[in-house]
Each structure stands twice: as structure tokens, then as C-alpha cells.
Amino acid sequence: RIARRITGGICLRTIEADGFHLTADFAVFQTMPDQPSELFLCGRCQDRVVEDTGELRFSERLCIYDSNIVPTSLVYPV
């Protein structure tokens with residue numbers, strides 16, 4: 001099984017003392033060897049990025065799913 005995550009629509013919302021606040025849309029597709037690919041999960045991320053010794057790093061990520069039901073076979077981090 002292959003899970004592929006696609007991220008798009010990245011938007012810088014605010015720059016504050018605690019870091020850069022961004023949002024982005026995501027979609028996770030699942031492909032089984034003998035079946036067509038299918039949309040597994042989609043939603044939006046709310047991220048906080050901070051500067052750490054001259055490099056930007058993710059400090060926080062909140063994933064908000066579009067559906068109330070998360071597939072029970074989800075074993076990969078979103």
C-alpha cells in the first residue's frame with residue numbers, strides 16, 4: 001500500500017512574536033497494488049513556523065479533517 005500526501009494553497013496568515021502562522025490544504029491518496037488510487041482523507045492544516053538558528057522549522061501543526069469520519073485503516077501520520 002502506498003499513501004501519498006499532497007499539500008497546496010499555502011497561505012501566510014500572520015507574522016507574530018511566536019512565529020509565522022500559515023494555512024494549507026492537504027489530500028491523502030491511497031493506492032493498493034491491485035486497485036486504482038482513491039482519495040483517503042482531505043482537509044486543512046494550521047501551522048506555526050519559527051526561526052531556529054537561522055532556519056525555519058515547523059513548531060506546530062494542526063490538521064483539520066473535512067470529514068467527521070477518519071478511516072480506521074489510517075496508520076500514517078497526517
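E55 forms a salt bridge with R57, and their closest N and O atoms are 2.9 Å apart. A salt bridge here is a side-chain nitrogen of Lys or Arg within 4 Å of a carboxyl oxygen of Asp or Glu. E55 is partly exposed, with a relative accessible area of 42%.

The model is predicted: local features need pLDDT of at least 70, side-chain atom pairs count only at pLDDT 80 or more, and totals for chains, interfaces and linings use all residues. Residues are numbered from 1 along each chain as its sequence is written, and side-chain values use heavy atoms, with hydrogens and water left out.

Back to R57. Its side chain also meets that of D52 in a salt bridge, at 3.1 Å from N to O. R57 is partly exposed, with a relative accessible area of 39%. D52 is partly exposed too, at 34% relative accessibility. Salt bridges that share partners join D52, E55 and R57 into one network.

How many salt bridges are there by this rule? The count comes to 4. One of them pairs R61 with D47, with the closest N and O atoms 2.7 Å apart. R61 lies in strand β4 (residues 55-65) and D47 in strand β3, so the pair ties together parts that are 14 residues apart in sequence. Are the two partners buried or exposed? R61 counts as partly exposed, at 40% relative accessibility. D47 counts as buried, at 6%.

Now step back to the whole chain. The protein has 0 helices and 4 strands. Helices (H or I, at least four residues) and strands (E, at least two) are DSSP runs, numbered from the N terminus. From that end, the elements run β-β-β-β. Of the 78 residues, 19% count as buried. The accessible surface comes to about 5700 Å², and 54% of it belongs to carbon and sulfur atoms. These areas come from the Shrake-Rupley method with a 1.4 Å probe; for residues, only the protein chains shown count as cover. Contact means heavy atoms within 4.5 Å. Among contacts in the protein with a separation of 6 or more, 34% join residues 24 or more positions apart.

Which residues make up the largest nonpolar core? They are F26, V28, F40, L41 and C45, 5 residues in all. Such a core is a set of buried Ala, Val, Leu, Ile, Met, Phe, Trp, Tyr and Cys residues joined through side-chain atoms within 4.5 Å. The elements that give two or more residues to this core are β2 (19-31) and β3 (38-52). The largest share, 3 residues, comes from β3.

L39 sits in strand β3. L39 is partly exposed, at 48% relative accessible area.

Start with T23, in strand β2. T23 is buried, with a relative accessible area of 11%. The T23 side chain makes a polar contact with the side chain of R13, at 3.0 Å. A polar contact is a pair of N or O atoms within 3.5 Å; within protein, one must be able to donate a hydrogen and the other to accept it, and residues adjacent in sequence count only if both atoms are side-chain atoms. Leaving out residues up to four places away in sequence, T23 touches G9, I10, C11, R13, C45 and Q46.

F20 counts as partly exposed, at 28% relative accessibility. F20 and V49 are 29 residues apart in sequence but 5.0 Å apart in space, C-alpha to C-alpha. Not counting residues up to four places away in sequence, F20 touches L12, T14, I15, D47, R48, V49 and L56.

T14 is found in strand β1 (residues 2-16) and is partly exposed, at 33% relative accessible area. The T14 side chain makes a polar contact with the side chain of E16, at 3.1 Å.

Conventions:
Buried < 20%, exposed > 50% of the residue type's maximum accessible area, 1.4 Å probe, protein only.
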